[in-house]
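Subject: Structure for your review

Dear colleague,

Please find below the structure that I am handing over to you. I would be grateful if you would read the notes after it with the coordinates open.

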Amino acid sequence: MASEKVLNNYYNIGGYNKPARIGYMMNMIRQLKPLTEDEWKIWYFDNVHDESYLNGLAAEMHDSIPASYAVSLQECKDYIYDVMFRRTFQGYNKEKLALQLLRREISHSVQEAPKEWDTNYFIDFYVNDRAGKPIGIQLKPESFYYGHYQYVVDIRGKMQAFCDLYQTSAFVLQYSVDNRTDRISISNPTVIEEIRNLI
């Protein structure tokens with residue numbers, strides 16, 4: 001069985017997660033609002049790309065991986081399908097739960113950020129301050145920091161660009177998920193208070 005690290009590495013190198021290749025996944029699933037993963041997958045095949053297109057991506061990915069890794073074409077296909085459908089659907093469900101949590105903890109007026117803010121500034125959600133300016137909110141799992149990915153992904157720089165553009169503030173909320181209940185909890189609740197003090 002190929003390692004997750006190898007598959008993820010070549011998936012990213014090949015740009016198979018780029019909107020130009022597969023579409024704006026989170027934006028599409030937000031608009032569709034599917035109740036099940038199957039509903040999401042069927043809609044995608046009917047409206048965006050069919051299975052033969054994704055199988056072509058899997059073949060391209062497979063060809064890009066050195067033979068020494070002994071990765072099969074089926075493993076590439078399984079990985080692409082898993083990321084695009086299962087993981088995207090799980091992310092969407094967590095996003096819905098997160099929005100409910102933020103509206104409960106901060107304000108009923110918390111909104112999902114436009115896709116451009118997510119792409120350009122790592123802003124997932126926002127709420128307007130007393131002056132009507134958007135306060136940016138980025139949600140990151142605690143595990144993101146365990147892996148030191150913050151040193152690879154320039155979250156701080158991107159969020160600062162958002163703050164400079166809108167003359168506002170932006171915050172990172174860390175969360176954990178109870179796998180038994182799917183309950184999301186904020187790991188740095190003092191940031192919640194900082195945001196509340198601005199609205």
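This is a predicted model: local features need pLDDT of at least 70, side-chain atom pairs count only at pLDDT 80 or more; totals for chains, interfaces and linings use all residues.

Helix α6 and helix α4

Helix α4 spans residues 37–47 and helix α6 spans residues 73–105; their axes come within 9 Å and cross at roughly 130°. The two helices are therefore oblique to each other, and their crossing is right-handed. On the α4 side, the contact involves E37, W40, K41, Y44 and F45, which meet Y81, M84, F85, R86, T88 and F89 of α6. Sorted by class, this contact of α4 with α6 comprises seven nonpolar, one polar and three charged residues.

Helix α6 and helix α3

Helix α3, residues 25–32, also packs with α6, at an angle of about 60° and with the axes 10 Å apart. This crossing, too, is right-handed. From α3, the residues M25, M26, I29 and R30 take part, while α6 contributes M84, T88, F89, G91, Y92 and E95. The contact of α3 with α6 has six nonpolar, two polar and two charged residues.

Residue N188

N188 is located in the loop that lies between β5 (183–186) and α10 (190–196). Is this residue buried or exposed? N188 has a relative accessible area of 15%, under the 20% cut-off, and is therefore buried. Its side chain reaches the backbone oxygen of V172 at 3.1 Å. Leaving aside residues up to four places away in sequence, N188 touches V172, L173 and Q174.

Notes
Residues are numbered from 1 along each chain as its sequence is written. Side-chain values use heavy atoms; hydrogens and water are left out. Axes are lines fitted to C-alpha atoms, for helices over the stretch in contact, and angles run from 0 to 180 degrees between N-to-C directions. Helices (H or I, at least four residues) and strands (E, at least two) are DSSP runs, numbered from the N terminus. Angles under 35 degrees count as roughly parallel, over 145 as roughly antiparallel, 65 to 115 as roughly perpendicular and the rest as oblique. A crossing is left-handed if the near helix is turned anticlockwise from the far one by less than a right angle, and right-handed if clockwise. Contact means heavy atoms within 4.5 Å. Ala, Val, Leu, Ile, Met, Phe, Trp, Tyr, Cys and Pro count as nonpolar, Asp, Glu, Lys and Arg as charged, and the others, Gly among them, as polar. Buried means under 20% relative accessible area, exposed over 50%, partly exposed in between (1.4 Å probe, protein chains only). A polar contact is a pair of N or O atoms within 3.5 Å; within protein, one must be able to donate a hydrogen and the other to accept it, and residues adjacent in sequence count only if both atoms are side-chain atoms.
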